[in-house]
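Thanks for making time this morning. I would like to walk through the surroundings of the two ligands, one after the other, and I will keep to what can be read from the coordinates.

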Amino acid sequence: MDGQTLRHVAIIMDGNGRWAGLRGLPRLAGHRQGAAAVQRVVSHCREAGLRYLTLFAFSTENWGRPALEVQGLMELLVRFLAEQEPELRGSSIELAAIGDLDRLPARARRPLDRAVASTRGATGMRLTLALSYGGHDEIVRASRRLAGLVAEGKLRPHDIDGAAFARALDTADTPPVDLLIRTGGERRLSNFLLWQAAYAELRFTDRLWPDFAPDDLDDAVAWFHDRRRTFGLVEAVG
Ligand code: IPE
Ligand code: IPE
Ligand code: MG
């Protein structure tokens, strides 16, 4: 294991509502600015040569927000996909999505599936959107999948190890998270990538997501490279 190579950055993009509130604007105005920040950060990561970027865009718990906010977020997703699909293709970015995607409305699900299909195999960077995503929900769905295989006689309980479990998760072919960033000042995971972030370096910043700039990402990456990652051992690994 190479501890210092930064392969996978995951971001909890928090603070859109507060960004809007500070300006006397509706929460959706903050989400709109948040979508613009996504575009900037994705381009920057691609240019910097990052391999895997995962963004927490909508949680299983976020379904409980007021219907108008949920609707507005879905519209923003539809617009983001329409605007970004050609950009992603042009930049060799492979789009992926994790979460309970069946809960997404068809008008968002269809363009999402299309963008995932049209960028499949691109080798520049993988951008994964966590949508209707919850770490608990993902682990429960993975357990159900494995139990199904056992019931069909395709898998023996004994063969369920960490690697088999990881393969049953939505992130099956994605390496573990190296650096997890949360904007917006809260210091919690809010049910994000509970399995995959087991040994992630955690970077919390007060910057609200719509204000998060490429420089902030560079700062986080520099901070990451100063960490000693020991993975439970005595010496730094990598
Ligand atoms: C994060 O910003 C975006 C989503 C959860 C969709 P918030 O909407 O949680 O913004 P705050 O935390 O209320 O400021
Ligand atoms: C986490 O932020 C979810 C996303 C960023 C999509 P929340 O604002 O929903 O989480 P809490 O309420 O602060 O835990
Ligand atoms: Mg929040």
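Which residues are around ligand 2? In this model, which is a predicted one, they are Ile 12, Met 13, Asp 14, Phe 56, Ala 57, Phe 58, Asn 62, Arg 65, Arg 182, Arg 188 and Ser 190. By class, that shell splits into five nonpolar, two polar and four charged residues, and its largest share, three residues, is supplied by strand E2, residues 52–59.

As for polar contacts, an oxygen atom of ligand 2 lies 2.6 Å from a polar side-chain atom of Ser 190, while for Arg 188 the corresponding distance, again from a polar side-chain atom to a ligand oxygen, is 2.8 Å. The side chain of Asp 14 places an N or O atom 3.1 Å from an oxygen atom of ligand 2. Of the 390 Å² of accessible area that ligand 2 has on its own, the protein covers 79%, and the space this ligand takes is the largest pocket.

Turning to ligand 1, we find that it also sits in the largest pocket. With Gly 15 the contact involves a backbone N or O atom, at 3.4 Å.

Definitions and conventions
Residues numbered from 1 in each chain as written. Chains lettered and ligands numbered in written order. Predicted model: local features only at pLDDT ≥ 70, side-chain atom pairs only at ≥ 80, totals over all residues. Heavy atoms only, no water. Polar contact = N/O pair within 3.5 Å; in protein donor to acceptor, adjacent residues only side chain to side chain. 1 Å grid on protein atoms, 1.4 Å probe; cavity = no way out; pocket = protein on both sides within 12 Å on 5 of 7 lines; lining within 4 Å. Sits in = over half its atoms within 2 Å of the grid points. Near = heavy atom within 4 Å. Areas by Shrake-Rupley, 256 points an atom, 1.4 Å probe, with all protein chains shown as cover. Helix = DSSP H or I, 4+ residues; strand = E, 2+ residues; numbered from the N terminus. Nonpolar A, V, L, I, M, F, W, Y, C, P; charged D, E, K, R; others polar.
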